[in-house]
Amino acid sequence: MSSSVAEAQKYKKGYYFTNKGEKITGQIRHVFRAKVGNKPDNGIIFRQKKGAKKVDLSPYQISAFVIEADSFSTLNNFRVNSLAFYKKDFVQVAIVGNINMLIHYSTVSSTSNGMTFQDPVYTEFLQKDGKTIRMNTKKDFYEALPKLLVENPLLAADVKSKRYKLKDLQKIIEEYNSSF
């Protein structure tokens, strides 16, 4: 993953796709907005070139965007925890294969010494056979992941036996996808 929350404030070369499939090229800045409720946390600010008019775009206005080597698409009707539900937001497409790995970036508020800060949070999702599964707890990892890995019984057994940890998720998905 080459994109990060810290890098999100700089304009970079990229493009986006309209909901009708039209590709628009220019400069993009990925922005995070701490929203309350089910509104998207992610958006982009687009300009055709430096000094040009800026356009603020949400996942309801475009279907996907690419910044340098990082691709983002939309994900619908998902939770990142027991409180936060999103009707639609952008997710980074980290791995594409028989199992896709997606990463949702959001922020949470924290207070220290009377000052409020927006701290970055990311949630990983796996997609297989049209289903999307959140992978941010040990329970998700040790119970749901082996079921997704059924075509690779050795890898599924390694996960069940706790040979792997949640921090190894990307490595596991890459290994699984390479076995096809």
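How many bridges join strand β1 to strand β2? Keep that in mind as you open the structure, which is a predicted model.

**Stop 1: β1 and β2.** Select residues 12–18 for strand β1, then residues 23–32 for strand β2. Here's the answer to the opening question: 6 bridges join them, and the two strands run antiparallel. Now click on K12 and look across to β2, where I28 stands opposite.

**Stop 2: the turn.** Next, go to the stretch linking these strands. This hairpin of β1 and β2 has 4 residues between the strands. Pick out G21 there: its phi is positive, near 90°.

**Stop 3: D89.** Time to jump to strand β7, residues 85–95, and select D89 inside that strand. Is D89 buried or exposed? D89 counts as buried because its relative accessibility is 0%.

So what does this side chain reach? Show the side chains of D89 and H104, and you'll find a polar contact of 2.7 Å joining them. Then look towards D41: the side chain of D89 reaches the backbone nitrogen of D41 at 2.9 Å.

**Last stop: the neighbours.** Leaving aside residues up to four places away in sequence, D89 touches several others, including P40, N42, P59 and F78. Also among them are S73, T74 and L75.

Key. Residues numbered from 1 in each chain as written. Predicted model: local features only at pLDDT ≥ 70, side-chain atom pairs only at ≥ 80, totals over all residues. Heavy atoms only, no water. Buried < 20%, exposed > 50% of the residue type's maximum accessible area, 1.4 Å probe, protein only. Polar contact = N/O pair within 3.5 Å; in protein donor to acceptor, adjacent residues only side chain to side chain. Contact = heavy atoms within 4.5 Å. Pairing = 2+ DSSP bridges.
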